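Morning, everyone. I have one structure to walk through today. Please have a look at it first.

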Amino acid sequence: MKRKLFALLLTVAMVTGLVGCGTSGSTTPATTEATTGSATETSAETTAAPEKTYKVAMILDSSISDGGWGAACYNAMVAAAEESGFETQYTDGLATADFATSIRSYCDLGIDLIFAPGNQYTDAVKEVAADYPNVYFALLNGTVETDNIVSILPDATQIGYMAGALAGLMSKTNAIGFIGGMELDTTKAKLANYEAAAKVINPNIQVFSAYAGSFSDSAKGKEIADSMVTMNDVDVMFGDASAVDSGAREALANYENRYDIGQPADLVALQDSTVLIGSVVTDNATMIKLCMEDVKNGTYGNKTVYGNLENGSLSAQYLEIVEQIKAGTFIK
Amino acid sequence: MEAVLNVTFFQELLLSTIRMATPILIVALAELYSERAGQVNIGLDGIMAFGALVGFLTSYITGSPYLGILAGAVGGLLINMVYAFCTITLGAEQIVYGMAINIFAPALASFIYKIYFGISSTLAQATLMKVMPIPFLSKIPVLGPVLFNHTIIVYLTYLLVPFTYLFFTKTKPGLNYRAVGEYPKAAESLGINVVRQKYIASMICGALAGIGGAYLTTCYISTYSDGVVSGRGFIALSAVIFGRWMPGGVLLAALLFGFTDALQLRFQVMSSATPYQLLAMIPYLSTLFVLAFLGIKKAGPKANGKPYFREER
């Protein structure tokens with residue numbers, strides 16, 4: 001029996017692998033979960049049951065273990081799902097051409113909420129959402145609002161300001177750097193505000209930027225960081241490029257007094273890195289949870305969940321410490 | 001002051017070129033060995049991805065990047081045996097099976113990664129291979145650090161270029177090897193075992209491409225993530241055509257690509273006002289440009305890509 005199940009699993013895995021022609025990563029893990037999990041029940045049965053188990057699925061172009069963006073978004077989804085009682089699934093390592101196909105197959109699997117963590121998925125989400133009015137979509141860094149798409153929009157201006165101010169304060173060489181993955185609207189906004197904030201702190205500062213053209217080519221991130229340090233004496237960097245940022249941090253670790261600012265999770269706490277001096281933390285979990293509640297209550301759609309300092313969805317660890325000092329709970 | 005700045009600029013640029021060209025060069029040489037025996041293998045990208053994973057895992061578990069490289073070679077070789085069996089023994093279309101490897105191998109790599117690390121979002125880091133400066137030579141100003149301050153894999157890769165040249169042009173086994181790619185029927189009639197030679201070629205190709213992938217995760221960066229290969233296998237494939245199926249040409253092609261890529265990254269940093277997409281095109285544009293000038297009149301091995309059936313007349 002076990003052997004049969006395994007064979008079935010492999011077959012399904014291989015078929016999905018073939019269907020996702022040109023997929024650089026794999027669709028296997030998600031399928032594995034789906035087969036072993038409760039997805040084997042028919043959807044009619046699940047809906048007929050009084051207590052429906054809601055399901056959320058996430059798609060990703062980089063990897064959930066990229067030590068940056070992908071990891072943070074995945075953790076946020078899992079944390080939110082745990083609190084709201086959702087089941088989670090994910091597919092990572094997707095090529096741009098496969099975004100829509102992957103979302104579509106999740107829709108067919110009877111997933112209730114699809115989490116697309118980035119502006120780059122906008123077109124794919126819009127395309128599929130039109131065909132599946134009963135499936136809900138949460139688009140991080142999105143600007144779309146329809147009956148079944150809700151955008152989650154952390155404030156790129158404030159993110160850029162926080163990183164830029166910290167970089168401006170930290171830089172001794174008057175040169176700071178930025179790596180983008182792709183030229184997304186949010187990335188451009190983060191870069192512009194990063195530069196503006198750093199210049200307020202230190203008018204003499206110079207900002208250097210480059211795009212890797214990828215979210216997974218860590219080797220390129222390393223090259224970019226290397227060239228910024230050797231050519232322009234950049235000593236603080238900030239990035240918006242997932243695994244590429246991890247490569248950049250590796251390059252910075254080879255030099256003395258070079259630092260990196262992470263996002264969107266508290267990477268300082270998560271990683272054993274000598275170069276991370278701070279992280280701009282986006283509380284994606286809370287925002288996804290809001291979406292999940294809407295799904296449960298049947299009030300989904302036509303809105304944008306904003307994330308900013310005012311509502312507590314954005315933070316930086318040093319701000320929390322300041323708050324603790326104010327409250328007298330920092331060191332007792 | 002400015003002169004010093006310029007010297008460091010060029011030194012770093014050349015260093016970056018060597019670093020970026022090395023994985024492409026290893027894999028392009030892999031393809032050269034394959035195509036010289038008439039085996040067009042477009043599955044390089046997939047083999048690299050698998051080699052990158054196996055190399056990373058081995059280096060992560062044992063703590064030795066050298067074992068990682070070795071494991072990458074073995075992994076690449078094994079994966080390529082699927083291609084070899086289907087195309088040589090079964091006489092199937094080479095392009096189709098190369099593409100199959102491109103789809104199958106990265107998915108398998110990602111599958112194994114997830115089985116080993118579970119569904120985890122922590123960034124696994126392995127040890128990087130230490131650089132091995134060559135005494136005295138690495139002290140030469142500018143050229144020293146650029147050429148003689150690398151990991152052993154880099155030296156071996158560049159030494160493989162003259163070795164390959166001598167092998168294919170000056171030795172009997174090398175000429176026999178090439179005969180298989182040019183006119184297998186004639187080779188067979190002169191007592192060369194064509195099938196065995198093609199298998200050997202595929203083994204060399206798999207092992208070298210696997211090393212190329214493992215180089216990325218054991219010598220370049222210390223982490224593995226899906227998509228780490230980022231199309232380098234396809235660039236290597238074009239480097240073989242560009243280099244006209246000769247090791248010297250392949251070296252030039254890999255260096256040109258590495259150089260233009262290193263240059264475009266620096267241009268991006270220097271002028272952020274220029275749209276980066278335009279600069280990112282430079283490596284591909286220059287490849288197109290050179291190809292257009294050189295032409296491909298003198299094409300590669302005559303029997304390249306054709307399945308060989310012993311009994312057929």
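**Domains, interface and core**

Let's start with chain A. Its domain assignment gives domain 1 (23-154 + 284-316) and domain 2 (156-263). The contact between them takes 16 residues from domain 1 of chain A and 15 residues from domain 2 of chain A. On the domain 1 side, α4 and β12 (314-316) of chain A each give two or more residues. That side divides into five nonpolar, nine polar and two charged residues.

Keep in mind that this is a predicted model. For the complex, the predictor gives an ipTM of 0.87 and a pTM of 0.84. Chain B averages a pLDDT of 90, and 97% of its residues score at least 70.

Next, the two chains together. 46 residues of chain A are in contact with 37 residues of chain B. On chain A, the elements that each supply at least two residues are α1 (2-19), α2 (28-36), α4 (69-84), β7 (206-211), α9 (218-232) and α10 (243-252). Which element gives the largest share of that side? It is α9(A), with 11 residues. By class, the chain A side has 14 nonpolar, 24 polar and eight charged residues.

Now the core. The largest nonpolar core has 189 residues. M77(A), A28(B), L208(B), A239(B) and A254(B) touch the most other members. Both domain 1 and domain 2 of chain A give residues to this core, so it lies between them. Take L208(B) from that list. Leaving aside neighbours within four places in sequence, L208(B) is in contact with I26(B), V27(B), L29(B), A30(B) and Y33(B).

One helix in chain B. Helix α4(B), residues 94-117, has 24 residues. From first C-alpha to last it reaches 34 Å, close to the 34 Å expected at 1.5 Å a residue. Just after α4(B), G118(B) takes a positive phi of about 70°.

Last, some backbone details. N141(A) is not a glycine, yet its phi is positive, near 60°. N141(A) sits in the loop between β4 (136-140) and β5 (149-154) of chain A. Is N141(A) buried or exposed? It counts as buried, because it has 26 C-beta neighbours inside 10 Å, and the cut-off for buried is 20 or more.

W245(B) also has a positive phi, near 60°. Its place is the loop between α10 (232-242) and α11 (247-270) of chain B. W245(B) is buried too, with 21 other C-beta atoms within 10 Å.

Finally, a cis peptide bond joins Q263(A) and P264(A), with omega about -5°. P264(A) lies in the loop between β9 (259-262) and α11 (267-270) of chain A.

Key
Residues are numbered from 1 along each chain as its sequence is written. Chains are lettered from A and ligands numbered from 1 in the order in which they are written. This is a predicted model: local features need pLDDT of at least 70, side-chain atom pairs count only at pLDDT 80 or more; totals for chains, interfaces and linings use all residues. Two residues are in contact if their C-beta atoms, placed from the backbone, lie within 7 Å. Helices (H or I, at least four residues) and strands (E, at least two) are DSSP runs, numbered from the N terminus. Ala, Val, Leu, Ile, Met, Phe, Trp, Tyr, Cys and Pro count as nonpolar, Asp, Glu, Lys and Arg as charged, and the others, Gly among them, as polar. A nonpolar core is a set of buried Ala, Val, Leu, Ile, Met, Phe, Trp, Tyr and Cys residues joined through C-beta atoms within 7 Å. A residue is buried if 20 or more other C-beta atoms lie within 10 Å of its own, exposed if 12 or fewer, and partly exposed in between; C-beta atoms are placed from the backbone. Domain bounds come from an automatic or database domain assignment. The expected span of a helix is 1.5 Å times one less than its number of residues. pLDDT is the predictor's confidence in each residue, from 0 to 100.
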